[in-house]
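Colleague: I have the sequence and the coordinates open. Could you walk me through the fold and some of the side-chain contacts?

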Amino acid sequence: MAYKTLGELRSLLRTRLGFGAQGSSGGANQTLLDSLLQNAQTQLYWLQDWRHLIDYDDFLTGVGQTLYDYPDDCAQDRRLLRLEVNYASQWSQLAEGITTSMRSTATTRTVPCRYERFAQIELYPEPDVATYTVRAWYVKDLQPFVEDNDRATLDDQMILLHAVTNGKAHYRHPDAKLYEGQLNTLLASIRGQSFGSNGVYRRGNDSPLDRKPAVVGRDV
């Protein structure tokens, strides 16, 4: 299903706010309307890990290499969901967090079991071979939403309701509170949704699979 474009949503928003006579484009308030729609999508994007935007990217480790780039369409480290490594033909989840003691202790190169999110992804310990496959699960970035023909990345009806609510509050329309109530109901519903029954994914607390005994000073 293709969502509506920015131009189409702007036209609907303009009508809902009582400016339909200005036409589908132009008008002194076009910049404001675009801003309301763009902000609406951004706010909704950060509200959940949207299931239809979840993807993964595989990369190979290098011997002794600890820093790796994020996937091309994952510009934000906060959108990284988890890392998994393929070891002995089994996928295992890496634990997040590299302690100071780990960094201070000389380690033997082996299969990575931990990671940190910085400007790049840091793995620990240093890989001993260049053939470990690491899978990065993440939420893809929003697509451009600045030109009239740019399509929304999220559900266009949610974006429109969010923008209408804030637009009516901005222009002090008497029914602003009514739309605010509708928006709050929608947002509460989104927060209560769970993986597998709708279009969002909620991060879990699954612990990494055991691969080998942990070594004090290296893994814990």
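Predicted model: local features only at pLDDT ≥ 70, side-chain atom pairs only at ≥ 80, totals over all residues.

Colleague: How many helices and strands does the protein have?

Modeller: The protein has five helices and ten strands. Of its 220 residues, 42% count as buried.

Colleague: Which residues have the most contacts inside the largest nonpolar core?

Modeller: They are L9, L13, L37, L44, L154 and I159, in a core of 29 residues. Two or more residues of this core come from each of α1, α2, β9 (133-139), α4 and α5.

Colleague: And what does L9 touch?

Modeller: Not counting residues up to four places away in sequence, L9 touches K4, L37, F145, A152, D156, I159 and L160. Another core lies apart from the largest one; it has 16 residues, and F59, C74, L83 and V85 are among them. As a general point, nonpolar side chains tend to be buried together in soluble globular proteins.

Colleague: Which strands does β4 pair with?

Modeller: β4 pairs with β9 in the antiparallel sense over six bridges, and V85 has V134 in β9 as its bridge partner. β4 also pairs with β5 (residues 90-93), again in the antiparallel sense, over four bridges. In that pairing, the bridge partner of Y87 is Q90.

Colleague: What sits between β4 and β5?

Modeller: The two strands form a hairpin with two residues between them. A88, in the turn, has a positive phi of about 55°.

Colleague: How do β7 and β8 pair?

Modeller: Strand β7 (residues 114-117) and strand β8 (residues 121-124) pair in the antiparallel sense over four bridges. Y115 stands opposite L123 in β8.

Colleague: What does the side chain of D128 join in a polar contact?

Modeller: A polar contact of 2.7 Å joins the side chains of D128 and Y132. D128 also touches V63, R109, T110 and V111, not counting residues up to four places away in sequence. From D128 to T108 the C-alpha distance is 8.1 Å, and the two are 20 residues apart in sequence.

Colleague: Now the rings. How many aromatic pairs are there?

Modeller: A search of the whole structure finds five aromatic pairs. One of them is the edge-to-face pair of F19 and Y171, at 5.0 Å centre to centre and with 65° between the planes.

Colleague: What does the pair of F19 and Y171 tie together?

Modeller: F19 lies in the loop between α1 (6-16) and α2 (30-45), and Y171 in the loop between α4 (156-170) and α5 (176-192), so the pair ties together parts that are 152 residues apart in sequence. F19 is partly exposed at 21% relative accessibility, and Y171 is partly exposed at 26%.

Colleague: What about Y45 and W46?

Modeller: Their ring centres are 5.4 Å apart and their planes are at 80°, so this pair is edge-to-face. Y45 is buried, at 4% relative accessibility, whereas W46 is partly exposed, at 33%.

Colleague: Which charged residues sit over those two rings?

Modeller: R78 lies over the face of W46, 4.3 Å from the ring centre. The charged end of R79 sits over the ring of Y45, at 4.7 Å from its centre.

Technical notes: Residues numbered from 1 in each chain as written. Heavy atoms only, no water. Pairing = 2+ DSSP bridges. Phe/Tyr/Trp six-rings, centres within 6.5 Å; stacked < 30°, edge-to-face > 60°. Buried < 20%, exposed > 50% of the residue type's maximum accessible area, 1.4 Å probe, protein only. Lys NZ or Arg CZ within 6 Å of the ring centre and 35° of its normal. Core = buried A, V, L, I, M, F, W, Y, C linked by side-chain atoms within 4.5 Å. Contact = heavy atoms within 4.5 Å. Polar contact = N/O pair within 3.5 Å; in protein donor to acceptor, adjacent residues only side chain to side chain.
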